[in-house]
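Please look through the sequence and the structure shown below before reading on.

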Amino acid sequence: MRQLILLILLVLPSVGKAFVVSDLSGRQVTFEQPPKNIILSEGRMMYLVMALQPQSPGHNIRALADDLAKADRDTWQKLTELYPSFVNKPTVASPSTGQFDVEQAFSLNADLVIFSLNYRDNLLQSETLNRLDALSIPYLFIDYRHDLSNHLLPSMHILGQVLGQQAQAQKFSNFVQKQLNIVEQRLAENKHKQPLVLLERAAGINGPVCCRVFGQANFGAFAEMAGAINWGSSKTSGVSVDLNPETLLVEDFDIIIATTGNWSHKKQSISPPLGYSAQQSQVDSGMQALVQRTGWPQMPVVKNKQVYVIWHQYYNHPGYFVAIQVMAKWMHPSLFSDLDPQQVWQEYHQQFMPFQSSGIFWSQLP
């Protein structure tokens, strides 16, 4: 009987047992129990939470910033239709505004606040972290935007620990690594020309204004992982930089890729409204508007119809590897003729999202 009891105790989960989590800043935080009132200092962290607990994405999320609702209305609509309780969750100010409210976090009985690593210095300077420490409110740093290739999987494992979803985090990690390996290994094993790509960031969001281009980080890194030379990487080591449109017109690009989204709530937007509610006719119309901007009709790359658009939110989405696969097919069509990113995107939703895929997330100039 004693042996049977011991065996049962060994296989039972360690409910209530303290555990230690190391975040991306190198801090170690001890939790006496899994947090139940988590504040997401950025709403788009829900992309990661959904992937880890797709069956109940919001049960331990106490409050979140409003950037998901504002920047990605399609996802927000899908989420709130399925889980209306999200509409009533309190809204917190993002650290990007410099106004994160520690007293609000305390009043909400927060037992964890999750921050992006790139805001750490600002949070230190504003004394936000000291005030959280004084109130014994734990916080962790992750990165889901700046350096996804190096930081996404560690961030998902950090969240897997605090959400009690370690197995799902490992399943996610295996899925992502498999998809990334397909592109990396094939490029390594085959000789290929690296096309020169122009990556325009949030094309058309402010009307016909041009152009903000991606630098070495983010989509710039994605393009290089897909086997291209990102033109913007020579212009800035950061995420993006604003350039005079005349600078682009003298370059001989092999391909242009613009990130776009459903920003139809912005009256000035001419952006192709990619996302869960996108219709092909609207996307085509938006693409035509982009290539009619001053000087663009004369560009050889436009005349050759080597112009593409892809969903902007991949830049901070755990499904970013799909964007790499899509770009690899555009830039090396014969090498990746058998690759089906659309099927991979659907599989991702089946395994890591609370709802199924719909709409359009990438397209080519018709």
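This is a predicted model: local features need pLDDT of at least 70, side-chain atom pairs count only at pLDDT 80 or more; totals for chains, interfaces and linings use all residues.

How many cavities of 30 Å³ or more does a search of the whole structure find? The search finds 1 such cavity, and the volume of this largest cavity is about 50 Å³. It is lined by 13 residues, of which Ala 71, Asp 72, Gly 261, Asn 262 and Trp 311 are the closest to its centre.

**Confidence**

Averaged over the protein chain, pLDDT is 93, and 96% of the residues score at least 70. Residues 1-15 need care, for pLDDT stays under 50 there, and the model has 0 contacts beyond four places in sequence for this stretch.

**The sheet and a helix that packs on it**

An open sheet is formed by 4 strands, which follow the order β4-β3-β5-β6 with parallel pairing. At its edges are β4 (61-64) and β6 (139-142), each of which pairs on one side only, and from one strand to the next the twist averages 25°. Strands of a sheet pair through backbone hydrogen bonds, in either a parallel or an antiparallel way. Between β3 (residues 38-40) and β4 the parallel pairing extends over 3 bridges, and Leu 40 stands opposite Leu 64 in β4.

Helix α8 (residues 148-163) packs on this sheet, where it touches β3, β5 and β6, and its direction makes about 150° with that of β6. Several residues of α8 are buried, among them Leu 148, Leu 152, Met 156, Ile 158 and Val 162. Just after α8 comes Gly 164, which takes a positive phi of about 70°.

**Backbone angles that deserve a second look**

Most residues other than glycine have a negative phi, and most peptide bonds are trans.

| Residue | Phi | Loop | Relative accessibility |
|---|---|---|---|
| Asn 109 | about 60° | between α5 (102-107) and β5 (112-116) | 54% |

Asn 109, by contrast, counts as exposed because its relative accessibility is 54%, where exposed means over 50%.

The peptide bond that joins Cys 210 and Cys 211 is cis, with an omega of about 10°. Cys 211 has its place in the loop between β7 (196-200) and β8 (212-214).

**A histidine in a loop**

Which residues does His 332 touch, if those up to four places away in sequence are not counted? They are Leu 187, His 192, Lys 193, Pro 195, Ala 226 and Gly 227. His 332 itself is in the loop between α14 (320-331) and α15 (341-352), and it counts as buried because its relative accessibility is 7%.

Methods:
Residues are numbered from 1 along each chain as its sequence is written. Side-chain values use heavy atoms; hydrogens and water are left out. Helices (H or I, at least four residues) and strands (E, at least two) are DSSP runs, numbered from the N terminus. Buried means under 20% relative accessible area, exposed over 50%, partly exposed in between (1.4 Å probe, protein chains only). pLDDT is the predictor's confidence in each residue, from 0 to 100. Contact means heavy atoms within 4.5 Å. Two strands pair if DSSP finds at least two bridges between them. Axes are lines fitted to C-alpha atoms, for helices over the stretch in contact, and angles run from 0 to 180 degrees between N-to-C directions. On a 1 Å grid over the protein atoms alone, a cavity is a set of points where a 1.4 Å probe fits but cannot get out, and a pocket is an open set with protein on both sides within 12 Å along at least five of seven lines; lining residues have an atom within 4 Å of a point. Grid points are joined across faces, edges and corners, and a volume is the space filled by probe spheres set on the points.
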